Amino acid sequence: MTTIALIVAAGRGTRMGEGLPKQYMDLAGRPVLGHTLAAFTEHPSVDSVRAVIHPNDMDLYRDSAQGLEVMEPVPGGASRQNSVLLGLESLTEFDPKNVLIHDGARPLVSPGIIERTISALDEAPGAIAAVPVRDTLKRQKQGSSKIEETVDRFGLWRAQTPQGFRFDDILAAHRSAQGLDLTDDAAIAERAGLTVALLEDRDDNLKITTSDDLTRAIRTLTGGGEIAVGSGFDVHKFGPGDRIRMCGVDISHSHGLIGHSDADAALHALTDALLATVGGGDIGVHFPPSDARWAGEDSATFVQFALDQIQARGGRISHVDLTIICEAPKIGPHRTAMIGRLSELLGLGEDRINVKATTTEGLGFTGRREGIAAQATTTVMLPGSHR
Ligand code: MG
């Protein structure tokens, strides 16, 4: 194996005043450690991922690692340094070329810094993610809150992780540093005389230590983006037939609906509303009625196309609201089936889907039972530019 990521998550620090160690706290629907593990398992240049955990945290770990391809975790020791050494010793049987040591509580590590750390090991035995100090630094007078002096910040960096090393080098350095108390793995490498490169990383690869950090991480993950709202409207005319299809559900009726495809006005309005959130034009642009390919087509195809456009933009549907406007057939008895079908089509929870119906009090074309109209409103979360 070339590169293994060793995720250090054995700490039990509960500085936030809650019972749960910080690496297992919920971050936008997934434990912090789950985000961290996924960042490495999904990275094409990382061959394998192993976590070092506290032996009492096995259940919490399993929840975090659910669905991820990771090695069995190994138990950590009394200190972080000791946990890393135990993790490194457990990897000797795989004889990796490189190891990336990373804090389990840094879930926002970017694919870019992982890649750069690995690449840097071609040139140096060690390389770490770090951020240049930009604030002016003050030293306080001992025993007082007054300033003693202003410290020259030139050449000062804050060390983050990943910290990457050639495996044999860092294992030997760790073995010889046993019993010492060094604050990070770079310090252990430095002590062994290894050259360690500084790689400038972004500030948002933060270590979650306080509840403010957690809030900041949630904002980075979810709130860095924007909300897009789309609307759509469609009409189909009644014609000969004995059933109509609405929201993908077939309903017996005295008439059918005329249309080039299956004439599902609700799914057409929904497709337009979805496309609108990514500036995707409308259904007619992508599926012109002049194109014989779409004759009798299941409108689920159009919805799927719009979903693909949203996914290509990294978007995620948050909510859908549909209104069906007609005197007949009655929509109420079919609402549950419609919501179920929409949930299936959109991969969205039923609690995020609303289907309602109204009449126009006998007025207009829907009132005269000449056709059915449908309108849709969708809410889509689009990512920000931070990742
Ligand atoms: Mg239509």
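Colleague: In which loop is R369 found?
Modeller: This is a predicted model, in which local features need pLDDT of at least 70 and side-chain atom pairs count only at pLDDT 80 or more, while totals for chains, interfaces and linings use all residues. Residues are numbered from 1 along each chain as its sequence is written, and side-chain values use heavy atoms, with hydrogens and water left out. Helices (H or I, at least four residues) and strands (E, at least two) are DSSP runs, numbered from the N terminus. On that numbering, R369 belongs to the loop between helix 12 (364-367) and strand 18 (371-382).

Colleague: Is R369 buried or exposed?
Modeller: The backbone of R369 has a phi near 60°, a positive value in a residue other than glycine. Buried means under 20% relative accessible area, exposed over 50%, and partly exposed in between (1.4 Å probe, protein chains only). With a relative accessible area of 52%, R369 is therefore classed as exposed.

Colleague: What is the phi of C247?
Modeller: C247 is placed in the loop between strand 13 (243-246) and strand 14 (249-252). Its relative accessible area is 0%, so this cysteine is buried. C247 is a residue other than glycine, yet its phi is positive, near 55°.

Colleague: How many disulfides does the structure hold?
Modeller: A disulfide is a covalent bond between the sulfur atoms of two cysteines. It is identified here as a pair of cysteine sulfur atoms within 2.5 Å. By this test, the number of disulfides in the structure is zero.

Colleague: Which residues are the protein donors of the magnesium ion?
Modeller: Donors are N, O and S atoms within 2.8 Å of the metal (3.2 Å for Na, K and Ca); water is not among the atoms, so sites may look incomplete. Along the chain, the donors of the magnesium ion follow the spacing D-x1-H-x31-H. D234 and H236 are both buried. Lying 2.2 to 2.3 Å from the ion, the protein donors are D234 (OD), H236 (NE2) and H268 (ND1).

Colleague: How far apart do the C-alpha centres of domain 1 and domain 2 lie?
Modeller: Domain bounds come from an automatic or database domain assignment. For the protein chain, this assignment gives domain 1 (3-221) and domain 2 (226-382). The distance between the C-alpha centres of domain 1 and domain 2 is 48 Å.

Colleague: Which residues of helix 1 are buried?
Modeller: Helix 1 covers residues 32-41 and is mostly covered. Nine of its ten residues are buried. By name, they are V32, L33, G34, H35, T36, L37, A38, A39 and F40.

Colleague: Which strand holds P162?
Modeller: P162 is joined to T161 by a cis peptide bond. The omega of this bond is about 15°. The element that holds P162 is strand 10 (residues 157-166).

Colleague: What is the omega of the peptide bond from A328 to P329?
Modeller: P329 is found in the loop between strand 16 (316-325) and helix 11 (335-346). The peptide bond that leads from A328 to P329 is cis. Its omega is near 0°.
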